[in-house]
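Hello,

Here is the structure we talked about. Please open it first, then read the notes below.

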Amino acid sequence: MATRRLHSRTVLSLGCCLLVLSLSPFLSGQDTLLATLWPSLSALLLVFVSRSALLGLLSGAVCGAVLLSAGPLDVFANVFERQFLPIFESSWKLSAMAFTLLLGGFVALLEAGGGLHAILRHLLGDGTRQVKRMQLTVMGFGLFVFFDGLANSMLIGRIMRSAADRAGVSREKLAYLADTTSSAVACLAFVSTWIAFQLSMIQEGYAAVGREANAYALFFRSVPQNFYCWFALGIALVSILRGFNPGPMCRVEADARTNLSSDGEEALQPRGHWLFALVPVLVLSLSIPLIAYCLGAERILPFSLTKFASAYGAAEAYVPQIMVLASLLACGVAAIPVLPRGAAPTSRIFIAGVKDLLGPVAILIAAWMLGAAISELGAARHISELLGGRLSPALLPLAVFLTGACISFSTGTSWGTMAVLMPLAIPVVFHLGGDVPGADVEELVVTVIAAVFSGAVFGDHCSPFSDTTIVSAIASGVTPIDHVRTQLPFALIAALVAAVLGFLPLGFGLPVWICLPLGMFVLWFGAGLNLRLGRAHACA
């Protein structure tokens, strides 16, 4: 049955590929909204049908090449010379790919060293009947493994499910916490396997309007406004501290309290000292800002925050190379506890980790290719004309967030959503904001960047097509559909608060330092009210 479904999906995907490619020549040469959006729409359709971000993005890039080509023979040259080759002529993009691959090897070495398991054993003790402690440990571990969302999901599920069974925490709750702290944390972290892609998409958006961007500075400014990620983490913490488990999670948690079990999985976990995990992570986290400071500052001492900020800005051009250097240093430190096994096993572990991220790098390349087509077709101009006079710039952040949430939930890919939406959303801000007297266009751009990130992570959390959703479920020992139905109420609550108390008031000028605490207060107060009214008393 599974083979038959796979065959049907493959046939349907090939059929859709042929359909969108066959329709593309009819739009060639047309300066219309449909023509300029056709590559993006084709990519979304193929991602939805095939559940493959790579296939969808490549198909969109080829459709863009068809629209930009004079004839069939020119399509290949367009794809190769104007979309693919320029990627390898950019030092930034080469560094981004190298950093992402090195982080894959770093994660593999870190897990093999056994330090992560040592930290968990120390925090959990015997793990029996420690419901809150167990869940807080899971969340803390998710915050600690901030450098890769997928690795976070895999590590937490594999390492902690036996401890969750002994503590009386359902595996559905374990999968929810693993999933929530994976993409949300990786999206907010200033150094992760996501950051190169995020910065690249910001640059693609600016390139579409012929501008240069200080991508890292824009990313940092967008972090406080990334409301969905913050509120997703907030409701997870509220769930732990207040026993708030809406929807189906209430029943599975109640069952877990009465059906304690144990197994011997922890015996299979690698042994090591907790420093084997802490030191490499600190090297990775601290080396990037320290190297940037040393390169950008005229004098290292005396140190001040103002001097650090200006030095970091001066070193902006070298950030990609700094990220690669930092990841190399971290890999070297992470390899030290593994080296006693021999150089060959250590290298095999590292190479296996690198191979795990070849897929994401391929998606990154396909996203760059699609972005080049979108930029050359001038889609932003048509979208701005469509929205002009119909959508206030104040409503743009909310509209971008909702659009991103719909795309990511329908397709299951956060990176694909960013790749499609960011190169369209940023130019629209400049077109719309430029027509509004006194509008702070740069601040609106920062908010829209945060809205794209938030919308992308929403689907990554709860879409049944998402890789982290599937990996979190399987690693935690539950079916993906059980994970989706138990996590969805949490994600919807966080998205609702992000929309109503985050992007909507922020678009009308309410400061982020009011929106963010207000949303957190509503989550805390709402959970308490729900419990007092007795709708979740069985899970309290």
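Phe 80 and Phe 84 are four residues apart in helix H4 (residues 72-84), so about one helical turn separates them. Helices here are DSSP runs of H or I with at least four residues, numbered from the N terminus. This is a predicted model, in which local features need pLDDT of at least 70 and side-chain atom pairs count only at pLDDT 80 or more, while totals for chains, interfaces and linings use all residues. Residues are numbered from 1 along each chain as its sequence is written, and side-chain values use heavy atoms, with hydrogens and water left out.

Phe 80 is partly exposed at 35% relative accessible area, and Phe 84 is partly exposed at 28%. Partly exposed lies between buried (under 20%) and exposed (over 50%), with a 1.4 Å probe and protein chains only. Phe 76, Phe 80, Phe 84 and Phe 88 form one aromatic cluster.

Next, the salt bridges: a side-chain nitrogen of Lys or Arg within 4 Å of a carboxyl oxygen of Asp or Glu. The whole structure has five. In one of them, Arg 221 meets Glu 442, with the closest N and O atoms 2.6 Å apart. Arg 221 is in helix H11 (residues 215-222) and Glu 442 in helix H22 (residues 441-462), 221 residues apart. Arg 221 also forms a salt bridge with Glu 443 (2.8 Å, N to O).

Regards

Technical notes:
Helices (H or I, at least four residues) and strands (E, at least two) are DSSP runs, numbered from the N terminus. Rings of Phe, Tyr and Trp (its six-membered ring) pair if their centres lie within 6.5 Å; planes under 30 degrees apart count as stacked, over 60 as edge-to-face and the rest as tilted.
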